[in-house]
Amino acid sequence: MKKYDDLVVGSGISGMTLALLLGMNGRSVLLLEKSPRIGGSLARFYREGIPFDTGFHFTGGFGKNGILHDMLTVLGIHDYVKPIYLSKEKNNRIIFEAEQATYDMPTGYQETIAKLKEYFPGEEQAIDWYFEMVKDVCSRTVAMDLRKISLSPNLIDEDFVSLDDVLKGLTDNCTLRAFLAAYSMCYGVKPAEVSFANHSRVCFGLYQSVARVKDGGDAFIKAFRECFAELDIAIMCDRYITGCVDIRNKHVGRFVLNTGEEISCTHCIFTIHPKEILKTLPQEHLSNAFVDRVNAFEPSAGFFSVFGVVEPDDPADDFDPSILSLFPTTDVNSMLDPGTTSAQALVIMKNREVVGGRSYRVMNASEISFPEHVAAWKDSRTGNRPPGYAEYKQKRVDSIRRRIVRTYPEYRDSFRVVEAASVLTFRDYLHSPDGSAYGVKQKIGQFNLFGKLPLRNVYAAGQSSMLPGVVGAMMSSFIVGRSIVGKEKYCRFIEQRLCS
Ligand SMILES: Cc1cc2nc3c(=O)[nH]c(=O)nc-3n(C[C@H](O)[C@H](O)[C@H](O)COP(=O)(O)OP(=O)(O)OC[C@H]3O[C@@H](n4cnc5c(N)ncnc54)[C@H](O)[C@@H]3O)c2cc1C
């Protein structure tokens with residue numbers, strides 16, 4: 001039997017962050033991954049030698065003193081993960097199709113405020129109040145500061161009021177409200193269901209700057225891999241826990257793996273979907289209330305993604321990294337409703353990739369989708385789907401392609417679809433129960449699975465714990481890491497890393 005201080009289950013950004021944080025604090029760590037390779041949603045995939053992003057396209061928080069900047073600095077991988085800022089206004093654009101209205105999102109908090117005031121004259125006060133409130137929420141959220149981050153909930157008033165209610169209180173202008181709610185695509189929850197506080201925590205960094213990363217999520221994975229090797233952090237792929245045995249006094253003595261191997265550890269931290277955690281834990285040691293709570297979690301929105309290239313490459317074409325969001329209407333609640341029958345929001349991302357000296361104009365378009373859209377085929381697995389599914393997929397690919405070329409008519413004859421992924425593709429590829437993009441729907445007033453679980457040496461972290469997206473997932477790992485390493489040691493470590 002192998003023994004470790006800590007067993008980290010799941011090797012997405014949450015698992016890798018936690019494994020490294022613990023390893024840097026002198027602990028022996030095993031990182032366990034069900035897939036053949038580490039990285040989870042961060043890992044890119046290749047078709048015809050062209051790299052495509054799976055679940056990481058862009059992020060905020062890179063600016064100096066931004067939470068992502070600080071986390072990467074503490075982990076010692078800041079120099080490996082190079083942001084490519086979307087610095088030109090037109091490179092982050094929102095189009096409300098019904099109104100034929102186009103808005104550009106500049107870089108910088110103050111610049112965004114100023115631009116919005118230009119777009120919406122007469123709404124200056126609402127705009128000032130909104131951005132003041134977003135900033136204020138973040139300054140009062142201890143988790144946004146690595147020195148103060150902790151498991152104690154630190155809920156504030158804005159955790160109990162919805163984004164929708166705040167926006168309706170600020171303005172009657174539907175387009176302005178939709179614009180301010182636009183980044184709900186980055187957490188997949190309706191404005192009526194998300195708290196204003198969580199909306200603010202996700203958006204603050206995005207309003208400051210939006211960046212892609214050179215080499216996408218693979219840049220993170222490469223950096224983590226190098227650090228794991230230096231610190232002797234063990235990695236086991238194609239492995240998952242099939243049993244928790246030798247449980248005494250609510251302490252799991254041994255974790256049995258699918259290969260029959262057994263692991264003993266002081267702490268086991270799950271960074272996987274709460275419903276997957278529930279399946280793994282011994283039911284007889286869980287209360288009905290706990291089981292009911294986890295079963296009641298709903299999925300956040302997911303995506304139907306189309307991955308393609310504009311061919312042949314044309315070095316003269318300004319193919320700067322860009323994000324263009326097509327919103328069919330200004331009703332963001334309806335766009336994030338699984339029951340909606342009208343057109344879905346579509347986010348089109350352009351990026352030039354250079355591989356082996358060859359340059360590609362890569363285009364990815366992700367349309368909001370839900371497990372409900374693929375419910376008819378939910379019992380099938382990748383590579384073995386019924387014929388109706390192929391038809392659904394082709395129809396959706398064709399419709400997305402039409403939207404892309406309507407938006408970029410110059411690529412009508414040169415854009416080629418290389419691959420497509422439905423919510424079911426994401427589900428199976430990422431070993432998630434439903435294929436949602438951001439784990440469980442972070443609803444207002446919901447008590448997430450985070451920190452210590454009903455078994456004493458078992459913890460939960462990951463995107464469903466606290467805040468979705470790569471930044472939120474990493475933050476959850478810092479919080480759980482602090483709890484395991486111990487407050488004093490953690491604080492010394494953070495201070496030393498941030499000041500060095
Ligand atoms: C299409 C799409 C686009 C997105 N775009 C962005 C974006 O642009 N920016 C952004 O910030 N966020 C984006 N996200 C969300 C982002 O990918 C996630 O919030 C984040 O990567 C989650 O990280 P995680 O480590 O919590 O989970 P994951 O990345 O899902 O990692 C979980 C890992 O656990 C493994 N696993 C599952 N079950 C088990 C088990 N039983 N045993 C062992 N291992 C297991 C999985 O194989 C996986 O490797 C997107 C998501 C999707 C799907």
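Analyst: Start with what covers the buried residues of α2. The cover includes α1, α7 (196-208), α14 and α15 (487-499). Keep in mind that this is a predicted model.

User: Which residues of α2 are the buried ones?

Analyst: They are I67, L68, D70, M71, L72, V74 and L75. Each has 20 or more other C-beta atoms within 10 Å of its own, the cut-off for buried.

User: Why does A178 count as buried?

Analyst: Buried calls for 20 or more other C-beta atoms within 10 Å. A178 has 24 C-beta neighbours inside 10 Å, so A178 counts as buried. A178 lies in helix α6 (residues 174-180).

User: Which residues does A178 touch, leaving out those up to four places away in sequence?

Analyst: A178 touches F96, F327, T330 and V332. A contact means C-beta atoms within 7 Å. A178 and F327 are 149 residues apart along the chain, and their C-alpha atoms are separated by 9.1 Å. That value is for C-alpha atoms, while the contact cut-off is set on C-beta atoms.

User: How is the chain divided into domains?

Analyst: Domain 1 is 2-80 + 215-297 + 441-499, domain 2 is 109-206 and domain 3 is 302-435. The contact between domain 2 and domain 3 takes 13 residues from domain 2 and 9 residues from domain 3. On the domain 2 side, α6 gives the most, with 3 residues. That side divides into 8 nonpolar, 3 polar and 2 charged residues. The centres of domain 2 and domain 3, taken over C-alpha atoms, are 27 Å apart.

User: How do you know where the ligand lies relative to domain 1 and domain 3?

Analyst: Domain 1 and domain 3 both give residues to the shell around the ligand, so the ligand lies between them. α1 (13-24), β13 (302-310) and α14 (469-485) each supply at least two residues of that shell.

User: Which residues come nearest to the ligand?

Analyst: Of the 37 residues around the ligand, G10, G12, G40, G55 and G469 come nearest.

User: What classes make up the shell around the ligand?

Analyst: The shell has 16 nonpolar, 18 polar and 3 charged residues. Gly counts as polar here.

Methods: Residues are numbered from 1 along each chain as its sequence is written. This is a predicted model: local features need pLDDT of at least 70, side-chain atom pairs count only at pLDDT 80 or more; totals for chains, interfaces and linings use all residues. A residue is near a molecule or strand if its C-beta atom, placed from the backbone, lies within 6 Å of it. Helices (H or I, at least four residues) and strands (E, at least two) are DSSP runs, numbered from the N terminus. Domain bounds come from an automatic or database domain assignment. A residue is buried if 20 or more other C-beta atoms lie within 10 Å of its own, exposed if 12 or fewer, and partly exposed in between; C-beta atoms are placed from the backbone. Two residues are in contact if their C-beta atoms, placed from the backbone, lie within 7 Å.
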